[in-house]
Structures are given as C-alpha cells and as structure tokens.
Amino acid sequence: MRKSLKFVFYILTALFFLWQLIPLKVNLDKFYIQMSYIIFLVFYSIYESIQLTKDDKKKGSPFFINRIKLAIIFSVLLLLLLIFLN
C-alpha cells in the first residue's frame, strides 16, 4: 500500500508541476486542481507520518520524531529571520 501510494504521489506531483509549466486548455478551473492536489498531499503526508512513527516504534529509534523537531525549529528560525529582515 505504501509503495503504491508513493508511486501515485510521484505521478500526481509530476503531472501537477507539468500542468503548471505547460498551460493546457482544460474546462476545470485552476483553483479546483490545486485544491484537489493539496488535499491529496495533506492526507498522504499524514498517512506517511503515521507509518514512519510506527516504523520508529518497531525499531526503537526516535529518527522521525527528531526530523519533525528539526523541521519545526528551522521553520521558526526562518520565520523569525524573515520578520527581522522586514
């Protein structure tokens, strides 16, 4: 299941960025395509984070949790840097 979802994620991401680069004449509004991709992206990231947390519990390593903490710290630092530069 994880491999197939990852494959679908890569295909949809490639199609989404190609659609952004090469404008096509489609009857769908750009907003709906972006929102459907973002909704898929959110659900996929939640699923993948749950699976990685389960993998860490099986292995007994806090690798994924440490990556999340690191990403949060760098996001806060980037936000503070942008606030101070403006």
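What percentage of the 86 residues of the chain count as buried? The figure is 13%. Keep it in mind while walking through this model, which is predicted.

Start with the fold. The chain holds 3 helices and 0 strands. Read from the N terminus, its elements run α-α-α.

Next, the overall dimensions. Along the principal axes, the C-alpha atoms fill a box of roughly 50 × 45 × 15 Å. The radius of gyration is 17 Å, whereas a compact globule of 86 residues would have one near 12 Å.

Take the contacts between residues at least 6 apart in sequence: 52% of them join residues at least 24 apart.

Now the surface. One nonpolar surface patch covers about 1,100 Å². Ile68, Leu70, Ile72, Ile73, Phe74, Val76, Leu77, Leu79, Leu80, Ile83 and Phe84 make this patch.

Leucine 77 is one of these patch residues, and its place is in helix α3, which spans residues 63-85. Is leucine 77 buried, exposed or partly exposed? Leucine 77 counts as partly exposed because its relative accessibility is 46%. Buried would require under 20%, and exposed over 50%. Patch membership has its own cut-off, over 30% relative accessible area. So a partly exposed residue at 46%, such as leucine 77, can belong to a patch under that cut-off.

Note on methods: Residues are numbered from 1 along each chain as its sequence is written. This is a predicted model: local features need pLDDT of at least 70, side-chain atom pairs count only at pLDDT 80 or more; totals for chains, interfaces and linings use all residues. Side-chain values use heavy atoms; hydrogens and water are left out. Patches are made of residues with over 30% relative accessible area and no salt bridge: like charges are joined within 9 Å, nonpolar side chains (Val, Leu, Ile, Met, Phe, Trp, Tyr) within 5 Å. Accessible areas come from the Shrake-Rupley method with a 1.4 Å probe; for residues, only the protein chains shown count as cover. A salt bridge is a side-chain nitrogen of Lys or Arg within 4 Å of a carboxyl oxygen of Asp or Glu. Helices (H or I, at least four residues) and strands (E, at least two) are DSSP runs, numbered from the N terminus. Buried means under 20% relative accessible area, exposed over 50%, partly exposed in between (1.4 Å probe, protein chains only). The radius of gyration is taken over C-alpha atoms; the globule rule is 2.2 Å times the number of residues to the power 0.38. Contact means heavy atoms within 4.5 Å.
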